[in-house]
Amino acid sequence: MSATRLLALAPASVQSQAEALKPLLELFFSNLGQGKEPLELAESQLPEELISALAALPLVLDEKPDEPLKLWTAKGFKQQQRVLAQLVDLLKSHNGLLVTGGAGSGKTSLVRKLLGEINQPTALMAPTGKAAARLREAMAPMPEGMQCGTIHRWLEASGDGRFRRGPQRLLELSSVVVDEFSMVEIMLLEALLAALPPGVKLFLLGDPGQLPPISGAGVLAPLKAKLAAEAPQCLIELKGSHRFNQTTALGEFVQQLRKGPIDLATQLQQLPETGNLGFYNLNLGWPIELTERLNLHRKQLLIAAENKYYSDQEALNTLLELMLLAPRRKGRHGVDQLNERWLGLDRNNPLAWPVGTPVLINRNNNEKGLSNGDLGLIRSDERGRKVAVIASGDGAQRIPLELLVGVEPALAITVHKSQGSQAKQVIVVINEAEGLDPRLLYTALTRAQDRADLLFSVP
């Protein structure tokens with residue numbers, strides 16, 4: 001189906017709005033082709049007659065108070081409702097919990113206390129390797145019977161995208177914790193639910209302020225609303241943050257972002273000159289201070305990679321000193337252009353990348369335990385051969401470059417790829433602030449432990 005075909009078959013009342021509807025529907029079908037659903041629409045920007053025309057199409061227009069309009073296929077909407085019903089029933093039946101809260105609100109600490117009362121097989125799960133590694137660190141020391149890994153790893157994903165775990169071969173678990181729940185797309189969640197044994201106790205941890213999954217639909221926001229209405233005993237909403245509070249410029253700005261859209265340019269220009277959140281006009285070029293900081297970070301990566309007394313994990317920790325982020329991969333000041341500027345490497349020739357090159361895994365490799373989004377660093381082995389040391393969900397892994405596929409040089413990464421990780425300093429480059437999703441900026445800034453700097457074009 002295409003936008004043109006759908007409009008051609010639509011009733012006359014819809015065709016009268018065809019000119020205005022066509023770009024919206026083209027975007028909708030373009031997103032569908034990339035596995036993205038639903039399409040969120042700002043109701044305040046749509047005239048009433050356009051909303052009525054959308055509602056008359058053979059699609060589902062989901063309208064809820066205080067939420068953007070969402071445009072679905074009938075199949076996608078039914079799948080979401082089915083999964084939501086399953087989750088609510090599972091949480092209600094076995095005293096499970098959805099724990100929501102912002103970055104640094106104590107979600108993991110709360111679940112650690114709750115799990116302390118459980119001495120049975122427990123799975124700690126996260127959607128990415130980075131998130132699984134951080135969860136393992138946050139829950140350490142883990143008691144006997146508790147293990148941590150990616151959801152794909154727990155489901156024993158195969159190279160063809162299928163899962164060996166499912167209704168015919170259930171997971172043998174008593175409790176399951178899923179961290180970074182906002183990132184879990186509905187297809188993966190449905191596969192997980194199908195593999196859970198009867199009676200399992202489920203803990204879901206998520207930040208409603210973060211980005212939804214990069215593909216597919218997430219269920220955190222609708223699940224939170226459904227539990228609040230039908231099973232409030234299964235919902236805990238944590239307020240405040242020990243990392244991002246009003247005592248710092250970064251903390252105050254992050255809290256403003258959680259409240260919804262803001263006038264980005266005005267808010268940034270009102271920032272105090274001192275503090276842990278900086279703002280630079282990208283139209284004036286790269287500031288010397290940030291250029292020097294990035295060059296220093298590259299030197300530190302090289303030193304760490306070459307230091308034979310550093311363990312692989314110690315070398316990987318250097319990656320977390322600074323993170324360079326952008327909303328998009330392509331285009332002006334996108335990730336590809338930033339990596340070309342700061343690394344200048346042929347992304348198609350990994351064997352030529354020098355020691356000290358930061359790398360990113362860009363596809364799942366379940367046989368090697370690697371996840372899309374895992375970060376790594378080029379080092380030398382005992383024989384002087386270059387290897388990629390990858391921070392996987394199972395810990396640091398060494399893989400010869402010639403055996404590694406789906407990898408790219410990555411001093412800069414997209415905000416989506418950064419989810420589940422943190423760095424002491426974060427630099428965010430935004431070419432166009434207009435129309436920027438506040439969740440994207442919130443997600444980027446909450447990667448920072450100590451300081452964040454924003455570069456964006458001021459009209």
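Biologist: How many nonpolar, polar and charged residues are in the lining of the second largest pocket?
Modeller: 13 nonpolar, 17 polar and 13 charged, with Gly counted as polar. This is a predicted model, where local features need pLDDT of at least 70 and side-chain atom pairs pLDDT 80 or more, while lining totals use all residues. Numbering starts from 1 along each chain, and side-chain values use heavy atoms, without hydrogens or water.

Biologist: How much space lies in that second largest pocket?
Modeller: About 1000 Å³, as filled by probe spheres set on the grid points. A pocket is an open set of points on a 1 Å grid where a 1.4 Å probe fits, with protein on both sides within 12 Å along at least five of seven lines.

Biologist: Which residues are closest to its centre?
Modeller: Arg-134, Leu-135, Glu-137, Gly-420 and Gln-422, out of 43 lining residues (an atom within 4 Å of a point).

Biologist: Which helix gives the most to the lining?
Modeller: α7, with eight residues. It spans 129-139. Among the others supplying at least two are α6 (107-115), β8 (201-206) and α14 (312-317). Helices are DSSP runs of at least four residues, strands of at least two.

Biologist: New topic. In what order do the six strands of the open sheet run?
Modeller: β6-β5-β7-β8-β4-β9, with parallel pairing (at least two DSSP bridges).

Biologist: Which strands stand at the edges?
Modeller: β6 (146-150) and β9 (235-237). Each has a single partner strand, so one side is left without a neighbour in the sheet.

Biologist: How many bridges join β4 to β8?
Modeller: Four, and the two strands run parallel. β4 covers residues 97-100. Thr-100 stands opposite Gly-206 in β8.
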